[in-house]
Amino acid sequence: MPQQIIVLARPDGPYYAAFREAVQTLNDLQTYFRFVLEDAAWLPKETGRATHLADKTFRGEIQRRDNRVPLIVVTSIPLYGGNFAFEYRDQSVISVHDWEDNFAPPPVKVYLVYQFAYIATIVAADLTESRIERMQHRPRGCLFDESAGADEFRVSLVGAHLCADCEGKLAGMMIPGEALEAINQIQIGRAHV
């Protein structure tokens with residue numbers, strides 16, 4: 001039975017079609033994870049004003065509205081601190097704010113597939129925040145690269161694989177082999193998205 005991961009997004013958001021395409025791509029590339037996109041009109045709507053979503057505050061709001069896990073919320077509102085995402089094994093938030101204007105190429109769909117694969121890895125390995133931090137390393141094109149700034153992040157995004165060290169650590173944590181295979185299938189297939 002596949003590991004289901006719910007993805008929530010506003011159906012009237014500017015990137016909703018890309019969200020739908022990313023979820024379909026992920027489900028087409030592998031069978032271990034089943035990503036399910038659901039409409040969530042309660043999510044904040046981008047207004048054009050300079051508002052940012054703070055990690056703990058926004059995750060608290062998500063928890064009050066929808067306590068399912070694992071859960072990924074995708075938004076077009078910027079995240080506090082200029083972050084791309086707040087990634088956790090239970091509920092994560094990904095922002096696509098200004099992606100096409102400031103970070104593309106690659107297109108937002110490729111960015112989302114990368115982020116979803118990373119979060120799926122965290123979910124499958126049941127990684128705690130401290131374990132995620134210990135997995136991170138200097139940029140080398142791995143899902144666990146610790147990047148500073150757009151240029152380093154782009155290196156990770158374009159490479160987007162599990163390096164041998166990280167794959168070995170994950171296997172040692174007893175991540176299901178099928179999950180590792182699915183993550184690798186996503187990364188190989190993502191290159192053709």
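Student: Is Asp 98 buried, partly exposed or exposed?
Tutor: The model is a predicted one, in which local features need pLDDT of at least 70, side-chain atom pairs count only at pLDDT 80 or more, and totals for chains, interfaces and linings use all residues. Residues are numbered from 1 along each chain as its sequence is written, and side-chain values use heavy atoms, with hydrogens and water left out. Buried means under 20% relative accessible area, exposed over 50%, and partly exposed in between, with a 1.4 Å probe and protein chains only. Because its relative accessibility is 28%, Asp 98 counts as partly exposed.

Student: Where does Asp 98 lie, and what is its phi?
Tutor: Helices (H or I, at least four residues) and strands (E, at least two) are DSSP runs, numbered from the N terminus. In these terms, Asp 98 lies in the loop between strand E5 (91–95) and helix H3 (99–102). Its phi has a positive value in a residue other than glycine, near 55 degrees.

Student: Is Met 174 buried or exposed?
Tutor: Met 174 is placed in the loop between helix H7 (164–172) and helix H8 (177–190), and although Met 174 is not a glycine, it has a positive phi of about 70 degrees. Its relative accessible area is 69%, so Met 174 is exposed.

Student: Which residues are in contact with Asp 66, leaving aside its neighbours within four places in sequence?
Tutor: Asp 66 is found in the loop between H2 and E3, and with a relative accessible area of 11% it is buried. Taking contact to mean heavy atoms within 4.5 Å, and leaving aside neighbours within four places in sequence, the partners of Asp 66 are Leu 8, Trp 42, Leu 71 and Gln 91.

Student: How far from Cys 163 is the nearest cysteine sulfur?
Tutor: Cys 163 counts as buried at 7% relative accessibility. Cys 163 is in no disulfide, and the nearest cysteine sulfur, that of Cys 166, lies at 3.6 Å.

Student: How many disulfides are counted?
Tutor: By the sulfur rule given above, the count comes to 0 disulfides.

How values were computed. A disulfide is a pair of cysteine sulfur atoms within 2.5 Å.
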